[in-house]
Amino acid sequence: MSMWDAYGDRMAVTGKTKRDYWVNHAQSSIARRLQDSPSCRTVLIDGEEQTVSITHHAEDGYKRIASLPGERLKHGGLVDFADSKWLIVQIDADDVIYQRGIMRRCNYILRWVSNKTGEIREKWCVVEDGTKYLIGERTREFLTIGDGRMAVTIAKDDDTVELQRGLRFLIDDEDSDFVTAYQITKSNKLYNVYNGEGVFRFIMNEVQLTDDDDVERRIADFKSRMKDPDSGVVGTLLPPVFPDYYLEKEAHALKVTAADKEEAQEPEDEQGGWI
């Protein structure tokens, strides 16, 4: 090995500047110490093994996750940990030493029929109360409409990008005989997505069950979207629409509001001036 080759190898290890040296030193130190830490785990992330550090988070259902130096975490990745599925919902953009993020424990498998292929899709997600920052009702002047909402956080991928306002889902406990239907009323695909990776958040309002819903499979509009539901053959895929009763409630609210405003207007005289 020549003198210049030895010099190049040394620069690769120590760095060309003091900053590079300390960065490399910190990465080497963390990599060594992490192997002996109780927080070090080898888990599956999107089906591939990766050694990471998983530590406590102050809020229940959350965990902190960190990669080894030189490795990265996938924003929106699904982690197999502690007999549960966890969704990486946040990633720190500063990854000079290592990459760290926050993951949430998934509590539901969302199922639907793909608009593109007609195939059944299943995705782990986080379902939570969507009214926790609201009072649970919307008031339109003199008309109050009941408002049962769910917030669904799900990873961005080729299947979930097709989810849109108006699509219906069945969300309830897997052992429950009484299933509740929900419909996307707010689609936030910029909720936590950076550089093409991340998670979406959908706000869903409670709607009525229909005869086309497959309660056993937990798939909304399943029967209407399949020629033969038992064989899974794709039928005519129709764009999602809001049910008539939902639109009627909205229209009635607007009529009440418009009527009240009209009564509140001051009468005009024959010359067009105000009395």
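Modeller: A residue is called buried if its relative accessible area is under 20%, exposed if over 50%, and partly exposed in between, using a 1.4 Å probe and protein chains only. By that definition, 38% of the 275 residues in the protein chain are buried. The model is a predicted one, in which local features need pLDDT of at least 70 and side-chain atom pairs count only at pLDDT 80 or more, while totals for chains, interfaces and linings use all residues. Residues are numbered from 1 along each chain as its sequence is written, and side-chain values use heavy atoms, with hydrogens and water left out.

The protein chain has three helices and 16 strands. Both are DSSP runs numbered from the N terminus: helices are H or I over at least four residues, strands are E over at least two. The accessible surface of the chain is about 17200 Å², and 49% of that belongs to carbon and sulfur atoms; such areas come from the Shrake-Rupley method with a 1.4 Å probe, and for residues only the protein chains shown count as cover. Contact means heavy atoms within 4.5 Å. Among contacts between residues at least 6 apart in sequence, 52% join residues at least 24 apart.

The part I have picked is the open sheet. Six strands form it, in the order β7-β8-β11-β14-β13-β12, with antiparallel pairing. Two strands count as paired if DSSP finds at least two bridges between them. The edges are β7 (108–113) and β12 (168–171), each of which pairs on one side only. Neighbouring strands are turned by 45° against each other on average, direction ignored; the axes are lines fitted to C-alpha atoms (for helices over the stretch in contact), and angles run from 0 to 180 degrees between N-to-C directions.

Four bridges join β12 to β13 in the antiparallel sense, and L170 has A181 as its bridge partner in β13. On to the next pair: β13 (residues 180–194) and β14 (residues 197–207) are antiparallel over 10 bridges. Here Q183 stands opposite N205 in β14, and V193 is bridged to G198. These two strands form a hairpin with two residues between them, and N195 in the turn has a positive phi of about 55°.

Now the packing. A nonpolar core is a set of buried Ala, Val, Leu, Ile, Met, Phe, Trp, Tyr and Cys residues joined through side-chain atoms within 4.5 Å. The largest such core has 17 residues, of which L110, F169, I171 and M204 touch the most other members. β7, β8 (120–129), β11, β12, β13 and β14 each supply at least two residues of this core. Leaving out residues up to four places away in sequence, F169 touches L110, R111, W112, L163, T180, A181, Y182, I184, M204 and A220.

Two loops of the sheet deserve a look. D159 lies in the loop between β11 (149–155) and β12, and it counts as buried because its relative accessibility is 16%. The side chain of D159 makes a polar contact of 3.0 Å with that of R121. A polar contact is a pair of N or O atoms within 3.5 Å; within protein, one must be able to donate a hydrogen and the other to accept it, and residues adjacent in sequence count only if both atoms are side-chain atoms. Apart from residues up to four places away in sequence, D159 touches W112, R121 and K123. The other residue is S114, in the loop between β7 and β8. S114 is buried, since its relative accessible area is 1%, and its side chain reaches the backbone nitrogen of T117 at 3.3 Å.

Elsewhere in the chain, six strands close into a barrel in the order β1-β2-β3-β6-β5-β4, with antiparallel pairing. The twist there averages 45° from one strand to the next.
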